[in-house]
Every structure is written in C-alpha cells, then in structure tokens.
Amino acid sequence: MFETNLIGFGLAVGSSLFIGSSFIIKKKGLQRAGASGARASSGGYGYLQEPLWWIGMFTMLIGEFANFVAYIYAPAVLVTPLGALSIIVSAILAHFLLREKLQKLGILGCVLCIVGSTVIVLHAPGEHSISSVDEIWELAIQPAFLLYMASAVAVVLVLVLYCEPRCGQTNIMVYIGVCSIIGSMTVMSIKAVGIAIKLTLEGYSQVAHFQTWIFAMVSASCIITQLNYLNKALDTFNTSVVSPIHYAMFTSLTIFASAIMFKDWSGQSASSIVSVLCGFITVLSGTMVLHGTRDPEKPPPADLHAFYLMLENWTLFIGFRPKPARNDVYSLCQGFADYSALPQISWVVHSNGEIWKQKENDELHREFVAIIRQDHFR
C-alpha cells in the first residue's frame, strides 16, 4: 500500500512541474495571439495558430498524463492536493517571464504548500483494491454519487447559460466554477479509465465492458470543456488569481466527489482523517498567501481597445504597412493615460508615417492625418 502511494506521489510531483510550467507558456501564447486578433476571452480562437500555445498545451498533456497514471496508484485525496506544487512553479515562472511580481511573503506561501503536502502524503489513505470496471460502475451509480452528478451538471448549466453572458468577463468565479466542477467529474472518470487500463495490462481485459467506453467518453467531454473555460479564465484574469482559486475549488470538489464515489475515508482512523484535512487547509492557506502577495494584472482599458481599432482603420486608410501591433498601441495609449496630470500634448501623424510633436506657435501641417490629444484618455 505504501509503495503504491509512493509511486503516485512521485508521478503527482512530476505532473505539477509540467502543469505549472504549462500555465505560463500558454499564457504567453494567449498574449501573442491576442495582440494580433480576437482574444480568447472574447470568443476568439486565434491562439490555435500560435506555436507557443501548442507548446504549453503539449507540456500540460505530459503533466496530465503523469497525473492520470498517479490516480491509478494512489487515491484522489493524495494526488489532487499535490497540485498545489504547480502553483509554486507557476508563481516563480510568472515572476520572471510574465513580470507578475512575487513578493517576499510569497515564500511563506510556498513553504505552507510544501508542509501541507507533506502532511497529506504521510497520512493519506491507501487505495482500495478493485478487480473489474463493473465494481467502479456500481460505485458510480450509487444514489449519493448520482445526486452529486446531477447537482454538478445543474450548476454548470446555470453558469454557462445564465451567468457567463452577463458577468463572465468580470466575475472570475464563472469560468473557474465551470472548470472546477467539470474537473471533479473528469478526475472520477479518468480514475475509472485508468483502473480499467491497469487491469487490462495485468491480463484482465476490460475492453469488452461497455462501462469502460462510457467512462472514456465522459472523460473526453469533460477534458475538452474544462480546457476551453480554463483558456478563457487565463486570458481574462491574472494567472496569480486563476491558479489558487482554481486549485482550491477543484481540489475541494474532487476530494468531496472521491469520498462519495470511492469511499476513501472508509476504514481510516479519526486522527488520519483530521491530519489529512489539516494538511489540506495548510496547503489552501499557502495558496491564499501566495495569491495575496502578487500584484494584480491591469488589463487594457476598454477605451484603449477602442482607440486601437480607430487607429487601425486610419493606418489602413492612408496605406500604412504593416499595421501597428496591438501591444505597441496599448503601450503608447497607456503612456498617455499614466501622465494625465501633465499639460496637454498634441501629436501630428503625417501620411509618410513620421510623428511630429506640435509646438505652441506651429501651425498644423496640411498633410496631417489626425491629432491625438491627451485629454481623450481622461
């Protein structure tokens, strides 16, 4: 029992390293794609043509595969909380690659995550022996788990159909709520598929069982939905906000679902259960401290985006090639917004592409295209 838990622990740690890195790589890809087209948060899928996003996706697949195998050898109550290590990895990489500042107090959050994970590993329950996928199916159709599934689907439908169109761009809990709820169902179905594969490799083929294919189809559907809304959350909100909240909700719901379906706490002493819960609370506290020490990301204001579209039309009209990069225009506009207290400055853009600063006694050149005044951004 301890050996299988140790294998699951090693795979879960490796998974966290890859998944934590994938958050940052995918974020960079989303930023590049958003600079030249519709953002993922606005329903755009331009990131599918961005190689960096695919590298991040491939890195995440490696991590998820390691996580998938970890669930075969260890219970969800052990594997899932170790996902906090991916937050530490993403926080460190975001500090250097995304310039999302990690303050010194963030080290305390990292230490809390590591201590809590250690406590969970030392007191985690062993995996129950399952001899066929039929046993998993019996666990999945028990009334308590069916009630959880029905409630989860109902909440997801409310979030997607009612909440997302109204407050999806402003309330982070909409996208992350869908990710976390669907994620808990993903783990349960993936664990069932993993056990079926393990039994098949051991000589007890589960391919002929229709339950295996039902679990596989549920897994594929949940993974696609989860990734879609995770992309929206990453593109809309700061990584330092998305990671800890997603971890807290996803881990809590997964442990709850696993306790209902696989009865992880069955046969465990009260001290072991309390120790695991204390370890999880410690990890959760670490993620909150880590989040609290990060500087929030400042998304481009709506008026800057509108100005970009206006400037893009001007450049196309007068024949500028190539058109300006959106990030460059945002930087220029933000510079005007940050120095609103300074006296007014006017800039004249000539048709030859040169920019000339207007002086008080200068008359406007007859070839000027537009004057961008600072008070436009007040």
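Q: Which helices each supply at least two residues of the lining of the second largest pocket?
A: In this predicted model, they are helix 1 (2-36), helix 2 (51-73), helix 4 (84-98), helix 8 (172-201), helix 9 (210-236) and helix 10 (239-261).

Q: And where does the largest share of that lining come from?
A: Helix 2, with seven residues.

Q: What volume does the second largest pocket have?
A: About 800 Å³.

Q: How many residues line it, and which lie nearest its centre?
A: The lining has 34 residues, and Ile19, Glu64, Asn67, Gln226 and Phe250 are the ones nearest the centre.

Q: How does the lining divide into nonpolar, polar and charged?
A: There are 20 nonpolar residues, 13 polar ones and one charged.

Q: Switching to packing. At what angle do helix 8 and helix 9 pack?
A: At about 150 degrees, and their axes are 8 Å apart.

Q: So what is their relative direction, roughly parallel or roughly antiparallel?
A: Roughly antiparallel, because the angle is over the 145 degree cut-off.

Q: Left-handed or right-handed crossing?
A: Helix 8 crosses helix 9 in a left-handed sense. By class, their contact has 18 nonpolar, eight polar and one charged residues.

Q: What parts does the pair tie together?
A: Arg32 is in helix 1 and Glu50 is in the loop between helix 1 and helix 2, so the bridge links parts 18 residues apart in sequence.

Definitions and conventions. Residues are numbered from 1 along each chain as its sequence is written. This is a predicted model: local features need pLDDT of at least 70, side-chain atom pairs count only at pLDDT 80 or more; totals for chains, interfaces and linings use all residues. Side-chain values use heavy atoms; hydrogens and water are left out. On a 1 Å grid over the protein atoms alone, a cavity is a set of points where a 1.4 Å probe fits but cannot get out, and a pocket is an open set with protein on both sides within 12 Å along at least five of seven lines; lining residues have an atom within 4 Å of a point. Grid points are joined across faces, edges and corners, and a volume is the space filled by probe spheres set on the points. Helices (H or I, at least four residues) and strands (E, at least two) are DSSP runs, numbered from the N terminus. Ala, Val, Leu, Ile, Met, Phe, Trp, Tyr, Cys and Pro count as nonpolar, Asp, Glu, Lys and Arg as charged, and the others, Gly among them, as polar. Axes are lines fitted to C-alpha atoms, for helices over the stretch in contact, and angles run from 0 to 180 degrees between N-to-C directions. Angles under 35 degrees count as roughly parallel, over 145 as roughly antiparallel, 65 to 115 as roughly perpendicular and the rest as oblique. A crossing is left-handed if the near helix is turned anticlockwise from the far one by less than a right angle, and right-handed if clockwise.
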